[in-house]
Amino acid sequence: MSPSARGVGPIILTDLNTPWERVLHLGVPVTFRPKQMISFDNGDASGFFYVRKGRVRLSYISVCGQEKVLFYVGRGTFFHDIPALIASECIFTCMEATSAVYFSKRLITLSFAREHPDLILNWVESTAKKSNNFFNQICGAGLFDSFANVCRALYSMALHNREGDRVVPHLTHQELASLLGIHRGSLHKALSRLKREGIINEYSRHRLEILDLEKLAARAMRSDFEQTRPPR
């Protein structure tokens with residue numbers, strides 16, 4: 001990854017836990033409807049899920065009902081893995097029809113760890129990558145303005161959301177705005193500016209057309225401090 005890509009991780013986390021494919025028979029296949037919310041208590045029966053197909057949004061709902069989107073997970077990745085071990089108030093919502101495998105947390109025993117040390121290591125590594133995403137999100141909110149954060153999100157998509165020669169965001173305007181914690185109007189203004197500057201041509205859930213990736217990266221890496229400090 002080039003230096004300009006530092007701190008720009010994937011928005012939709014995929015293929016973090018694919019080694020667990022070989023033990024899927026130990027879990028229970030489940031399916032979820034589009035927009036279905038997944039939430040249950042953290043008693044002894046709770047567990048975690050491995051996404052086989054589809055995408056799931058992780059968010060936090062405040063006491064006043066305001067939602068903060070944290071990140072998205074896709075194929076080959078766990079969700080509800082941390083709440084299964086440590087009580088945590090979060091909500092998962094399916095972005096589309098999703099098939100997954102449910103594992104009870106009772107599966108994770110010392111004997112399982114001895115038999116599958118590589119799977120436990122993979123779980124630790126994937127948790128670290130999710131924590132790094134949280135860290136980058138917090139730093140981005142503090143160091144960059146809304147325009148730069150939109151650029152950072154689009155640049156992330158250019159790096160991580162490629163399907164052949166196309167960049168496919170998989171996020172609507174509203175979903176992207178919610179993830180960035182900005183109003184949809186602010187997102188629209190940022191996209192319009194990028195179009196005027198000849199950096200992008202189109203943004204939709206199914207397509208992001210970037211005309212000048214180098215300029216997009218430069219806008220993405222420019223912090224509030226760098227934009228406001230006086231010239232030497």
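Guide: The account below begins with the aromatic rings and then turns to helix packing and the backbone.

The model is predicted, so local features need pLDDT of at least 70 and side-chain atom pairs count only at pLDDT 80 or more, while totals for chains, interfaces and linings use all residues. Residues are numbered from 1 along each chain as its sequence is written, and side-chain values use heavy atoms, with hydrogens and water left out.

The structure contains 15 aromatic pairs. Rings of Phe, Tyr and Trp (its six-membered ring) pair if their centres lie within 6.5 Å; planes under 30 degrees apart are stacked, over 60 edge-to-face, and the rest tilted. The ring centres of Trp-20 and Trp-123 are 6.0 Å apart and the planes stand at 90 degrees, so this pair is edge-to-face. Trp-20 belongs to the loop between β1 (12-13) and β2 (28-32) and Trp-123 to helix α3 (residues 117-143), so the pair ties together parts 103 residues apart in sequence. Helices (H or I, at least four residues) and strands (E, at least two) are DSSP runs, numbered from the N terminus. Trp-20 and Trp-123 are both buried, where buried means under 20% relative accessible area, exposed over 50% and partly exposed in between (1.4 Å probe, protein chains only).

Phe-48 and Trp-123 form a tilted pair, at 4.7 Å centre to centre and 40 degrees between the planes. Because Phe-48 lies in strand β4 (residues 47-53) and Trp-123 in helix α3, this pair links parts 75 residues apart in sequence. Phe-48 is buried, as is Trp-123. Ring pairs join Trp-20, Phe-48, Tyr-50, Phe-78, Phe-103, Phe-112 and Trp-123 into a cluster.

Helix α4 (residues 146-160) and helix α7 (residues 213-220) pack at about 135 degrees, with their axes 8 Å apart. Axes are lines fitted to C-alpha atoms, for helices over the stretch in contact, and angles run from 0 to 180 degrees between N-to-C directions. The two helices α4 and α7 are therefore oblique to each other; angles under 35 degrees are roughly parallel, over 145 roughly antiparallel, 65 to 115 roughly perpendicular and the rest oblique. Residues of α4 that meet α7 include Phe-147, Cys-151 and Leu-154, and their partners in α7 include Leu-213 and Leu-216, contact meaning heavy atoms within 4.5 Å.

Leu-194 of helix α6 (residues 184-196) is buried, at 0% relative accessibility. Leaving aside residues up to four places away in sequence, Leu-194 touches Phe-147, Cys-151, Leu-154, Ile-199, Ile-200 and Leu-216. The C-alpha atoms of Leu-194 and Val-150 are separated by 9.8 Å, although the two residues are 44 apart along the chain.

Two non-glycine residues show a positive phi. In the loop between β1 and β2, Asp-15 has a phi of about 55 degrees and is partly exposed, with a relative accessible area of 36%. His-80, with a phi of about 65 degrees, lies in the loop between β7 (78-79) and α1 (81-85) and counts as buried at 5% relative accessibility.
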